[in-house]
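Take a look at the sequence and the structure below. We will walk through a few places, one at a time.

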Amino acid sequence: MDYNDYADLFRITARQHFKSDEYISKHLAYAKRLMENDLPVIYDSEHLSMLVGYTQGYIKHAVRYMTSYYWEYRIPKKTGGLRIIKEPMPNLKDIQLWILHNILYKVKFHPYAKAYVPKKSIKENVRFHTKRRIVVALDIHDFFGSITSDDVFELFHTMGYEHWVADLLAKLCCLDNVLPQGAPTSPALSNVYMYDFDEEMMKFCLERHIFYTRYADDMTFSGDFDVNELKEKVGVLLRGKHLELNDGKTRVMTKDQRQIVTGCVVNQRIHLPSEQLRKIRQEIYFIKKYGLVQHLQNMQCQKKNYVKHLYGRINYALLIQPSNKEMQEYKKYLKENFGDKLMGFEI
């Protein structure tokens, strides 16, 4: 429905409910602002409840007792230790997914932001950094946990939502006043939040012929440049958004070293580190030799989704190197022999 049709229908309905001309003008001005940006019009919590398909009471209760609507688990970090994931319960997750698809995906992400962008893969982040003299990888400390509910409120308010609607949307997307790592809205909100940072970094890098991309909290810069000047600029811009660098994860990789960007080697061409391929090859070998059950016992692995996880790693290897015949054969082997364990997996 275009705005003119919407406005005609709104006037008719409002007058049937004896609303004043001032009321009608005010609400239509608000609606027009949102519709011009292809965003859904939301007037209040009752209106939102009808849009998302959950009762107004459920929404208000979730906002008031948000900690009860998440469950927590831990996953291993690549660098050691455990990462805490806080995932919303199914109904709250449904509401967040509605916000993601109907609001956040309608907002422009910066072209230099490469993570969590529909129809883009990790290859979009690495392809700019091959055959460079220097590759620098910088990491943002506690990225999601540093983006507050006040920040998220400002994002929704800037989109055009009235104060209390922006506040409601922010509360539905935050936990303990920050973005939770595990909510489907958090990645997209982080991209919206970082738009002006990416814009300033783009200007800085273009002037110095530096290639820049950001994959969530991982920033990559490549070319021939002054590393200290770069780090100083990044630090200043991050502090302006109350973020800070994780200096322990800073890596400066020259062309005579192995240059890795978000897990991919980029020196001359994009490919996975040989040890990752070797690990897959080894696991397939042991499955064929001992059978899956014995292999899991030998590894002392109790993962119920082990086959899905292995299949996902093979798919990722093929995403990076589609012509890898060895990985193609491993994928075929798992599909033919363990198809039942891959139920629900896109194969």
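**A covered helix and its surroundings**

The buried residues of H8 have several covers, including H2, helix H3 (45–52), helix H4 (56–64), helix H5 (90–102), helix H7 (149–159) and helix H9 (186–193). Keep in mind that this model is predicted. Which residues of H8 are buried? They are Val165, Ala166, Leu168, Leu169, Ala170, Leu172 and Cys173.

Now widen the view to the core. The largest nonpolar core has 79 residues. Within it, Ile103, Phe156, Tyr161 and Phe221 touch the most other members. Helix H8 (residues 163–173) gives the most to this core, namely 7 residues.

Phe156 deserves a visit. Leaving aside residues up to four places away in sequence, Phe156 touches Ile99, Ile103, Leu104, Tyr161, Ala166, Leu169, Ala170, Cys173 and Leu189. Another core lies apart from the largest one. This other core has 31 residues, among them Val126, Leu292, Tyr306 and Tyr333.

Next, go to the start of the chain. Two packed helices are described by the angle between their axes and the distance between the axes. Helix H1 (residues 3–16) packs against helix H2 (residues 21–35) at an angle of about 155 degrees, and their axes are 10 Å apart. Angles over 145 degrees count as roughly antiparallel, so H1 is roughly antiparallel to H2. Their crossing is right-handed.

Which residues meet there? From H1 come Tyr3, Tyr6, Ala7, Phe10, Arg11, Ala14 and Arg15. From H2 come Asp21, Tyr23, Ile24, His27, Leu28, Ala31, Lys32 and Met35. The residues of this contact divide into 10 nonpolar, 1 polar and 4 charged.

Follow the chain past H2. Asp38 sits in the loop between H2 and H3. Most residues other than glycine have a negative phi. Asp38 is not a glycine, yet its phi is positive, about 60 degrees. His209 also is not a glycine and has a positive phi, of about 55 degrees. The place of His209 is the loop between helix H10 (195–207) and strand E4 (211–215).

Is His209 buried or exposed? Its relative accessible area is 67%. The cut-off for exposed is over 50%, so His209 is exposed.

Finish with a strand. Thr220 belongs to strand E5 (residues 218–223). Its relative accessibility is 2%, so Thr220 counts as buried. What does Thr220 touch, not counting residues up to four places away in sequence? Its contacts are Asn125, His129, Val135, Val136, Phe211, Tyr212, Thr213 and Val261.

How values were computed
Residues numbered from 1 in each chain as written. Predicted model: local features only at pLDDT ≥ 70, side-chain atom pairs only at ≥ 80, totals over all residues. Heavy atoms only, no water. Axes fitted to C-alpha atoms, helices over the stretch in contact; angles between N-to-C directions. Helix = DSSP H or I, 4+ residues; strand = E, 2+ residues; numbered from the N terminus. Parallel < 35°, antiparallel > 145°, perpendicular 65-115°, else oblique. Left-handed = near helix turned anticlockwise from the far one by under 90°. Contact = heavy atoms within 4.5 Å. Nonpolar A, V, L, I, M, F, W, Y, C, P; charged D, E, K, R; others polar. Core = buried A, V, L, I, M, F, W, Y, C linked by side-chain atoms within 4.5 Å. Buried < 20%, exposed > 50% of the residue type's maximum accessible area, 1.4 Å probe, protein only.
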